[in-house]
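Have it open while you read.

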Amino acid sequence: MVNILAADMTETHGTSPPQHVRELYARGIVALLPYLMDPYSKNGYEHFYDGESGSGYLAWRLKTIQRKSVSSERRGSSRQLKGGGPTTRRDASFNPEMTLSEEQCREAMSFMKHSSDEAAIKQKMKMTFQYRCNMVLDEEKSPDVLTEFPRFKDVKGLAEQDFILLFGENVAAKFLERWPTTFKQKVIQQCKALPTLSELEELIHSAEATSYEEEMDDYPLDSGWDSDLSSIILLLHLIPPSAQGWKRPGKVSASQAEKHLVVFKKSGTSIQEHVDAINSTTQPYLLAIGMKRSAINEFFIVLDKQVIPCKSTSSLGAFDELFKAHFVFGTIYMPALHNMYTFIQTTV
């Protein structure tokens, strides 16, 4: 009986129903079944729910339901993101109401290429999501994703939308929620125990700087990255790059790996000239444009000589978009960054 009533309560009021609802159910039990009343308690129903102590059969059953619910969510999140790398085929979190035919997808793609209505573009992108997922995971078709869906390159937030459709909003929000509150200070403290290097000390100093200090004209590390990006780069020192895929094993330093993560260009620099100078295919990296590293105005994701603008203007938000781009475009992790990205994927 308690299990049935608790299930009804959580279905109507969620897994954490308010106290008055719990008391209402407890009173209802003894009202309908007077022989279950406790003659030694104040109201006769406290053994089912006692508002003062938060105990009773209903309270204990609700705690069990809450515990199972959290465990289920964690298993679901782990299964969705932690299982395999960015190129692994997964069941998407999003289930469309209707599946478009290839002809309908082509019509939607043609509409998007010529439309200036961002809301309509985002809706059409959502409708063609499954078509795009199949394309991304097809080795022959994947290089053409940005050609077939060029609005990734001028409508901000489309990559984020695809990631949410793939994994759900809870997984999509996890990094930005957990890095500043749980991991950032731990990474800084762990790096302080590493062998002293001048570049490491500068990164630690930048990571510990406040936004007020970064804006001061006499800030001593004017050439350093801002606090959040510095803390991310510290991971490359804490979790050194592996030799995987490199011709000279063991020769990739953290500072070399950083160049595969983010590139700085001063405001006024031609982005097209930067892209034209790239002479090989590349995994996605951040292009940061600003007057100095600690004051970036715009971030872009560069992938195979294609430029995708970041929706976020913060370094942490831009890094989050960069990480997600691997999954949205089915791109393997750069070998020099593999260990860092794997830590973000499986731990953060």
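The points below go from the overall picture to a few local spots.

1. First, the ground rules. This is a predicted model, where local features need pLDDT of at least 70, side-chain atom pairs count only at pLDDT 80 or more, and totals for chains, interfaces and linings use all residues. Residues are numbered from 1 along each chain as its sequence is written, and side-chain values use heavy atoms, with hydrogens and water left out.

2. Overall, the protein has 16 helices and four strands (DSSP runs numbered from the N terminus: H or I of at least four residues for helices, E of at least two for strands). Of its 348 residues, 43% are buried (under 20% relative accessible area with a 1.4 Å probe, protein chains only; exposed is over 50%, partly exposed in between). Taking contacts (heavy atoms within 4.5 Å) between residues at least 6 apart in sequence, 59% join residues at least 24 apart.

3. Have a look at E321, in helix α15 (residues 315-328). E321 is buried but has no salt bridge (a side-chain nitrogen of Lys or Arg within 4 Å of a carboxyl oxygen of Asp or Glu). The nearest side chain of opposite charge is K311, 7.6 Å away (Lys and Arg count as positive, Asp and Glu as negative; His and the chain ends are not counted). Beyond neighbours within four places in sequence, E321 touches I301, P309, C310, K311 and S312.

4. Helix α15 also packs on helix α8 (residues 158-167), at an angle of about 60° with the axes 9 Å apart. Axes here are lines fitted to C-alpha atoms, for helices over the stretch in contact, and angles run from 0 to 180 degrees between N-to-C directions. The pair is therefore oblique (under 35 degrees is roughly parallel, over 145 roughly antiparallel, 65 to 115 roughly perpendicular, and the rest oblique). On the α8 side, A159, E160, D162, F163, L166 and F167 meet D320, K324, F327 and V328 of α15.

5. Compare helix α4 (residues 102-114) and helix α5 (residues 118-127): their axes come within 10 Å and cross at roughly 155°. α4 and α5 are therefore roughly antiparallel. A108, F111 and M112 of α4 make the contact with A120, I121, K124 and M125 of α5.

6. Finally, what is the phi of D304, which is not a glycine? For D304 phi is positive, about 50°, and K305, also not a glycine, has a positive phi of about 65°.
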